[in-house]
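Please examine the sequence and the three-dimensional model shown below before reading on. This briefing is meant to be read alongside them.

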Amino acid sequence: NYFVDESVILAVLLFESQNNYEYFCYKYKTSNKLNKKLTLLFKLYEKIKSNKNFFKKDLIKNVYLYGSKNIKDTAIIDFFEKSQINLNDFRKLISEIQKIKIPIFKYDGEYLKKKGMREGALIGRTLKLIEKEWINNKFQISDQTVDKIVKSQKN
């Protein structure tokens, strides 16, 4: 069982085009929380349309980046928008999403400081590069690769 909140129901009703949900939020002065949620769901739904692997090989990556609930909500929208999706396949997908253990990124600013980096924006940029490499390598990264990224950013 999975609880569906009002933002998902609204998304199903409003996602014919981006203007529908934006106009709805403007006209009815929805809360910032609802507006942000609909904006995220629309963004994710657009990603589904352009990426056939969104719920396949990119599933763990997408759960990591956007959260399990948002990915389940997007799967519900996709189910209602596409009449060719089989109910059993949909249930399997929801079950698979719920079983995903979100990987933990073990690097932080303190780690980079120990590697000789000074505090500031450079640490944030470097962490993003390391995390991107980690995600793209199926949530694995060697210390040697991290060292190369750190060295490239220090120069």
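The model is predicted. Its largest nonpolar core has 29 residues, and a search of the whole structure finds 8 salt bridges.

**Nonpolar cores**

- In soluble globular proteins, nonpolar side chains tend to be buried together.
- Within the largest nonpolar core, which has 29 residues, those with the most contacts inside it are F15, F55, L59 and I71.
- Two or more residues of this core come from each of the helices α1 (6-14), α2 (18-27), α3 (32-50), α4 (59-66), α5 (68-81) and α6 (87-99).
- The helix that gives the most to this core is α3, with 7 residues.
- Another core lies apart from this one and has 15 residues, among them Y64, Y107, L112 and I123.
- When neighbours within four places in sequence are left aside, F15 is in contact with Y21, L38, L41, F42, Y45 and I77.

**Helix α5**

- Ten residues are named as buried in α5: N70, I71, K72, D73, T74, A75, I76, I77, D78 and F79.
- Because 10 of the 14 residues of α5 are buried, this helix is largely enclosed by the rest of the structure.
- The buried residues of α5 pack against α1, α3, α4 and α6.
- The length of α5 agrees with expectation, because its 14 residues should span 20 Å at 1.5 Å a residue and its end C-alpha atoms are 20 Å apart.

**A nonpolar patch on the surface**

- V4, I9 and L13 form a nonpolar patch on the surface, and together they have about 270 Å² of accessible area.
- I9 is placed in helix α1.
- The relative accessibility of I9 is 49%, so I9 counts as partly exposed; exposed would require over 50%.

**Salt bridges**

- One of the salt bridges joins the side chains of D5 and K69, with a distance of 3.0 Å from N to O.
- D5 lies in the segment before α1 and K69 lies in helix α5, so this pair ties together parts that are 64 residues apart in sequence.
- D5 is buried, with a relative accessible area of 14%, whereas K69 is partly exposed, with a relative accessible area of 35%.
- K113 forms a salt bridge with E110, and their closest N and O atoms are 3.1 Å apart.
- Both K113 and E110 belong to helix α7 (residues 109-114), where they are 3 residues apart, about one turn of the helix.
- An α-helix has 3.6 residues a turn, so residues three or four places apart point the same way.
- K113 is partly exposed at a relative accessible area of 31%, and E110 is partly exposed at 45%.
- A further salt bridge brings together the side chains of D147 and K115, at 3.0 Å from N to O.
- D147 lies in helix α9 (residues 143-154) and K115 in the loop between α7 and α8 (121-136), so this pair ties together parts that are 32 residues apart in sequence.
- D147 counts as partly exposed at 29% relative accessibility, and K115 is partly exposed with a relative accessible area of 32%.
- Salt bridges that share partners also join D5, K37, K69 and D73 into one network.

Notes:
Residues numbered from 1 in each chain as written. Predicted model: local features only at pLDDT ≥ 70, side-chain atom pairs only at ≥ 80, totals over all residues. Heavy atoms only, no water. Core = buried A, V, L, I, M, F, W, Y, C linked by side-chain atoms within 4.5 Å. Buried < 20%, exposed > 50% of the residue type's maximum accessible area, 1.4 Å probe, protein only. Helix = DSSP H or I, 4+ residues; strand = E, 2+ residues; numbered from the N terminus. Contact = heavy atoms within 4.5 Å. Patch = residues over 30% accessible without salt bridge, like charges linked within 9 Å, V, L, I, M, F, W, Y side chains within 5 Å. Areas by Shrake-Rupley, 256 points an atom, 1.4 Å probe, with all protein chains shown as cover. Salt bridge = Lys/Arg side-chain N within 4 Å of Asp/Glu carboxyl O. Expected span 1.5 Å × (residues − 1).
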